[in-house]
Amino acid sequence: MAAAAAALLLLLAAAGPGRAVPGRARRDALREELLLSPLPNGDVAAAFQFRTRWDADLPRGAVSHYRLFPKALGRLVAALGVQELHLALTQGFWRTRTWGQPPLQAPAGAELWVWFQPTVTDVDKAWKELSNILSGIFCASLNFIDSTNTVTPTASFKPLGLANGTDHHLLRYAVLPREVVCTENLTPWKKLLPCGSKAGLAVLLKAERLFHSSYHSQAVHIRPICRDASCLAVSWELRQTLTVVFDTFSSGQGKKDWSLFKMFSRTLTDACPLASQSKVYVDISPKNKEKELLEVTPAPASVYEAIVQGEKRTYAVYDLLSPSLFNTSRSLNVQLKWKRPKNHLAQPATPVSSPLARYVSGYGLQTGEISTLIYNTHPYRAFPVILLETVPWYLRLYVHTLTIITKGKENKPSYIHYQPAQDRRRPHLLEMLIQLPANSVTKITIQFERALLKWTEYTPDPNHGFYVSSSVLSALVPSVIAMKAVDVEQSPLFTSLFPSSDGSSYFVRLYTEPLLVNLPTPDFSMPYNVICLTCTVVAVCYGSFYNLLTRTFHVEEPSRGGLAKRLANIIRKFRGVPPL
Amino acid sequence: MAAAAAAAADEAERARGRRAALSFAAIAVVLGLPLWWRTTETYRAALPYADIDGLGQLPFQLAVPVAVVFAPGAVPGDLPKALPFRDVQEMEISVNLRTSITSRYEMIYRSTTAQEEAALHVATAQEADAALRPLQDASLGALTMYVVPETSSLLPQGISVYVGKHRGALVRAGGGLAALRTRLRQLTQVMSFTASSIAAALSDRVPDGQLGPDARRHLKSSLGYEITFSLLNPDPKSHVVDWDIEDAVSRYVQPVLDKLSLVANFSVDSQILYYAVLGVTPRFDKESSSFLLSAHSLPHVINPVEARLGSSAASLYPVLNFLLYVPERSHSPLYIQDKDGAPVSTNAFHSPRWGGIMVYNVEAPASPQASLPLHVDVDMVRVMEVFLAQLRLLFGLSREELPPEFLLESPGSEGLADWELDRLLWAHTVENIATVSTTLTSLAQLLDKIGNIVIKDDVASEVYQAVASAQSAMARLAKGHLHSAFQASKEAVTSSERAFFDPSLLHLLYFPDDQKFAIYIPLFLPMAVPILLSLAKIVRETRQRKKEPTKMD
């Protein structure tokens, strides 16, 4: 009897929150994760990831019963034949120079790229419909995506999930650099989480704190993944990521110390009861090869070491699902203190070179030049990168002026794909595979001419300038330290979005700043002035013509004339000339 | 002489000037005006305004073919003619002051065939219904009524009318032809349409006072519906709720929808929403130690939940929501009270044209120390019973109050009898045609009011198509062809909506008059003023010349 009771207790203990319930196996699972990393200049980056995995065949349309996976997105994928969907809404720009390498960068504004399934016959129509529906779901102006800002890259964007073929005609990519991201985009994003913002890590997502930051990027990634190691069946994965950078250094009176409460004005009290994993990672890897200068409280239960983006890093791990965490205090407020006195902080950190930069040069309103600088700081390895440039049609690129110069010598790209623009129909697309020698700077320049727009095509504030979306750099960067191949299901989420091919290199995708280009802007009352001027000219011609034709002419009787004539005749008489 | 010649030349010169001015005016009128008119005209294709007006009257005639079959020994003595014969009864249903609907019952009286007689020789009414089905006219809307002798044991005691699962009914004879006729008419109305069901279908046109309380409950007729079942679990920490919705849908809902697929397209999906709470805090009742939601607070329940339900971004069909609410642990058990304060037995309520909500209480664990979360497996039979009843209610399929001698066969696993489907089709056809007429009338009024709207040929052709389909639907209704009438009315709805929402209607909508004049004045003013002035001068001179001769005299 006692043994039976003990067995029952054991069973009950096993049936914890989110774990498989005896009887029917759960087919979907949620993992949530927060990664806090102090940045080199003292700011703090917080990266949230929520991953819903669903062992179901979504796109056939046969599945219609949703549990953790949001119904709105599921129906979208099913109805439009989406293979993979990546949407990012970003405010601000990731400053690589001061912040180091981004965990997951996105260009300023809205970025959407979608792979459709091979069964989709009219990809353009599906793309249009998709962007319209997404703009409804996320309250963003994605409905402004049309053929003038959509491109089909051939090499830069490969499917991140399972894919049978990579026929790039099924891919569409668009960026809206002007899009402003704010609370109204965050609310629908939070609504897609199974726990909403009621429990788990999502309680920290308070709009007034998140948008009081230097960088805010929220994204949705949907892709098919292998269900297990044998990969015979497909599961669908929805990742919702949100990255914020708080400038605690400047707002905290020059102190680098931070805590969850200081950043989010909230602390963590529990895990989402639906999540099968809920963890907080804090990057405590020693900087500058010195001994640890920082201290996290409360003391982490475990420490995780991994090689992320070619660097060996150490993370303090807090597992919100472990019962011991909330034993001592009711809430978790992770704090980080720097032990070294202030004067050490004044010493500049090792300069992290910016791997990318872009600017417009030239003067006047007729021509200009776009320059892109790519840095390779790897000490001894050369590696290839793919650069994607999307330029709107109203900047007319001269491809013959394309020059790529590395270390003073011309660098010939091994692959170039150029699709010229068509006025008012599609943008320029330029993709290049460039070999970057070790420890070098590569400068890519191309000249353009500014086109004149029709007067209805100007934006409401044309003197602000026109945005040119960020160029995209995708590369497999060779790692200095060899990495181990790890199981995706076991490793933390922040390491597993991009599939890694082998241990010797890692994938990065970087974006440049968006450009702001001035176009020749007319005076907008001009059309009316032209109308008035032409009408006046016509009216004057018409008037004199009319006058000439309708005026009646009299034969004038010669008369003695007026005073002037008499005076003239008197003068003529004096001069001896016949009078008038 | 020279003076006279000069005067003559002067006169000739003046006449030339006049002619020149007149020809300018003539050219401006003959060439300029039409040219200006043609180049600035908005293209407006002709529309069938008269036909649209005619549709607006809704001259409905609904014909119901009814076969009355007399079993041997059931023929009343006072028949006017020998069997078989035809008889038409008409009835007026007045909708509002302008519109009234004529319903024609085309009765065919005949005696049973041998096969039917054999089919009637069974023990129970249910068996007779099943046996008679293959012998009936299977087309939609056609009814067959079998009159059985007064002493027949087919019908149970005290029951004189039995309505089967299909389009047939058994009626007990007796009381002469007049009594039989009233009974038949009552039965026909039950199985096809009544004044109130037609009034509910035309609820937009019926004056407010005349509508019953249920008339606005029904869903508007649409080409498709989306049915969403949502399980709301506001307290996932204490309850892990599982529902086998897939099985329940395929077992209980799908048969009904298969039957209804004739009416519209249906799609079914389900979702589970966590931390979704109702908008009102329930009241604690000490006596029963339970929580109560009173009837007057129910309207406030839905709004906060609705924000979480998610819109159907991928389609335009109306959504029917069925929510199963598992109250949080601190608020359970939760009961809904009706207006009198008594608990509602189903613990559910519905919201007109929106859906239904059911509260599903989790049984408290035997021992309070039982560890959380509690695992709850929802009893789907109980839930689906309620939801199906609500679904029928929302489609206007609820069974009306009937005299006690009427017995309606329960529809069984199909969830819907054939004649109920007919009822739905009658109501939806009438509603569709009324919708088309409303849409087209408002489109015509709009186009009439705003002259700037371009009417393209394809919009016009959609309008013509809609009018033609609506007219053919009406013609078929008058002939009693319910199925083809419904199909035509659906086409009419599609075309009229397409015409109404065509984006090309909006292209030139914003073209205000002040801007038009600002553009016209710089050209037209300098051109028109000299012409008008010289015309005025010519008129003045002609008048003077007419006066001059009288002066001379």
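**Close-ups of the A/B model**

**View 1. The interface of chain B and chain A.** Chain B and chain A bury about 3800 Å² between them, with carbon and sulfur atoms giving 60% of that; buried area here is the accessible area (1.4 Å probe) that two parts lose on being put together, summed over both. B:F24, B:Y274 and B:Y275 supply 17% of the area that chain B buries against chain A, more than any other three residues. The contact (heavy atoms within 4.5 Å) takes 44 residues from chain B and 39 from chain A. This is a predicted model, where local features need pLDDT of at least 70 and side-chain atom pairs count only at pLDDT 80 or more, while totals for chains, interfaces and linings use all residues. Residues are numbered from 1 along each chain as its sequence is written, chains are lettered from A and ligands numbered from 1 in the order in which they are written, and side-chain values use heavy atoms, with hydrogens and water left out.

**View 2. Salt bridges across the interface.** Five salt bridges turn up between chain B and chain A, each a side-chain nitrogen of Lys or Arg within 4 Å of a carboxyl oxygen of Asp or Glu. B:K237 and A:D270 form a salt bridge, with their closest N and O atoms 2.3 Å apart. On the side of chain B that touches chain A, the largest share, nine residues, comes from α13(B).

**View 3. An open sheet in chain A.** Five strands line up as β15-β16-β22-β18-β19, with antiparallel pairing. β15 (356-361) and β19 (409-410) of chain A stand at the edges with a single partner strand each, so one side of each has no neighbour in the sheet. Strands are DSSP runs (E, at least two residues), as are helices (H or I, at least four), numbered from the N terminus; two strands pair if DSSP finds at least two bridges between them. β15(A) and β16(A) (residues 367-376) share six bridges, and A:S361 has A:E369 as its bridge partner in β16(A).

**View 4. Two loop residues of chain B with positive phi.** B:S289, in the loop between β10 (283-285) and β11 (290-293) of chain B, has phi near 45°. B:S289 is partly exposed, at 44% relative accessible area (buried is under 20%, exposed over 50%, partly exposed in between; 1.4 Å probe, protein chains only). B:R353 has phi near 60° and is also partly exposed, at 31%.

**View 5. A cis peptide bond in chain A.** The bond joining A:T297 and A:P298 is cis, with omega about -10°.
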